[in-house]
Amino acid sequence: MITGDNIETARAIARDAGILTKGGQAVTGPQWRAMSAEEQHAVLPRLQVMARSSPLDKQIMVQRLQERNEVVAMTGDGTNDSPALKLADVGFSMGIAGTEVAKEASDIILMDDDFKSIVKALRWGRAVNDSVRKFLQFQLTVNITAVLLTFVSSVFSADGQSALTAVQLLWVNMIMDTLAALALATEGPTDAVLARPPQQRNSALITFEMWRMIIGQALFQVTINLLLLNHGLEIFHLPQSKAGTAVLRTMVFNSFVFLQVFNQINCRRIQPDELNVFANIHRDTGFILVQIFIVAAQWALVTFGGIAFSTVPLTAAQWAGTLFIGMLSLPVGLLIRFLPDLSACFGLESANSSAQQHLPEVSASRMRMEASFKDVQNSIRFFRAIRNAHMSKDASQDANLNRLNNNFLSDAPVVPLNRSSTLPSGETTVAPTTAVSASSSWTRVKKAVDKNGKNSI
């Protein structure tokens, strides 16, 4: 957060907004400008608030972040903000309070001057990026499957005919391009896209997980269609005749289309941790309508296509059989998602790798942990200082007591004993000096100590 408010106000607002977290740093504009470039780079990983900033501070901030290969977005409404808006990768200006110069320098204008619109733009941007990836995954799967199936069936067929005719491929191409784009691009953004880290500036569009799904689904679809083409007569108990062959080829065409229909459901989720491909499907009205249209059109083509589409009507059991074959795409897709991550072996980027995800150099959890360690150290220093102060006070009191006691004892007179003893004649006994002194002056020592203690307090 970069603001012109004073540092205390900026910190309070940032804490309430969740920007300034435990362990984060806050600086002022003059402090930021006084730093060298190396010092600014050292502060940046933990810097969360800048107060008392000027337009020049914004421009320096954008430059330093871009030097660290960061994708920088900047907001501004004044004419002085236009250099920073122009320099940033994405500039946001205010549509109501913003000046014309700021609007021309920015990339996006917030018509309602509400920062929530930035979050909406972020959600839609990530949703569009995901939609492009979903469509690419589906389209490449259909392309690879159609090319391999057409080529292999033509080469190994006795009469040189491919499994799919030219007109059937045109219908498949329509499913692959127009209808698939409508189905996979109509899903709106969700809050889950904001939970993901941002992507790197130069990250690959197709990740290892996408290639794994594309190749796995293509191999499965080619294999199942070739098995059906070569052994379908025995599996479905069709006669060894021209009519039986026509029914078999229609079933191959129908199975191929249903495999694409269910593979579209697989392509709704492209992240490796998203196993539920049916999540929020009831809210994706566009996807459901496109799927219904494809199935209805396929039924019409098979039933009434005739010579134009090289199809013959199928029975209910044959429809159920081809539908079951198409549904196999779902469990196969689930198994493919559980395959190990071999992206390093093939030189591809995994969705969870650092090549795809842009992670902060110092995470929020690390800053909280470092701040907690500092709090513990400060508490230990505080209690140690209190203990040392108490020990010094006790030592001082003991020294005063000993000094006073020694002074009184050294000044006390020695009193000899005149009483005769039972010792031999000519010998007398003198009582110890310390005993007599202690007996005669202890009361004065105690009073003096008490008085000294009161004076020190």
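## Nonpolar surface patch

Helix 9 is the main contributor to the nonpolar patch, giving three residues. Helices here are DSSP runs (H or I, at least four residues), numbered from the N terminus. The model is predicted: local features need pLDDT of at least 70, side-chain atom pairs count only at pLDDT 80 or more, and totals for chains, interfaces and linings use all residues. Residues are numbered from 1 along each chain as its sequence is written, and side-chain values use heavy atoms, without hydrogens or water.

The patch covers about 550 Å² and is built from Trp-211, Ile-215, Leu-219, Leu-342, Phe-346 and Leu-348. Patch residues have over 30% relative accessible area (Shrake-Rupley method, 1.4 Å probe) and no salt bridge, and nonpolar side chains are joined within 5 Å. Phe-346 sits in helix 15 (residues 343-346).

## Helix 7 against helix 9

Helix 7 (residues 116-156) packs on helix 9 (residues 208-235) at about 35°, axes 9 Å apart. Axes are lines fitted to C-alpha atoms over the stretch in contact, and angles run from 0 to 180 degrees between N-to-C directions. The crossing is right-handed, meaning that the near helix is turned clockwise from the far one by less than a right angle.

Contact means heavy atoms within 4.5 Å. Helix 7 brings residues including Arg-133, Leu-140 and Ile-144, and helix 9 brings residues including Trp-211, Ile-214 and Leu-229. The residues of this contact comprise 13 nonpolar, seven polar and one charged.

## Salt bridges

The whole structure holds twelve salt bridges, each a side-chain nitrogen of Lys or Arg within 4 Å of a carboxyl oxygen of Asp or Glu. One joins Glu-8 to Arg-11 at 3.6 Å, N to O. Both lie in helix 1 (residues 7-17), three residues apart, about one turn of the helix.

Conventions
Helix = DSSP H or I, 4+ residues; strand = E, 2+ residues; numbered from the N terminus. Nonpolar A, V, L, I, M, F, W, Y, C, P; charged D, E, K, R; others polar. Patch = residues over 30% accessible without salt bridge, like charges linked within 9 Å, V, L, I, M, F, W, Y side chains within 5 Å.
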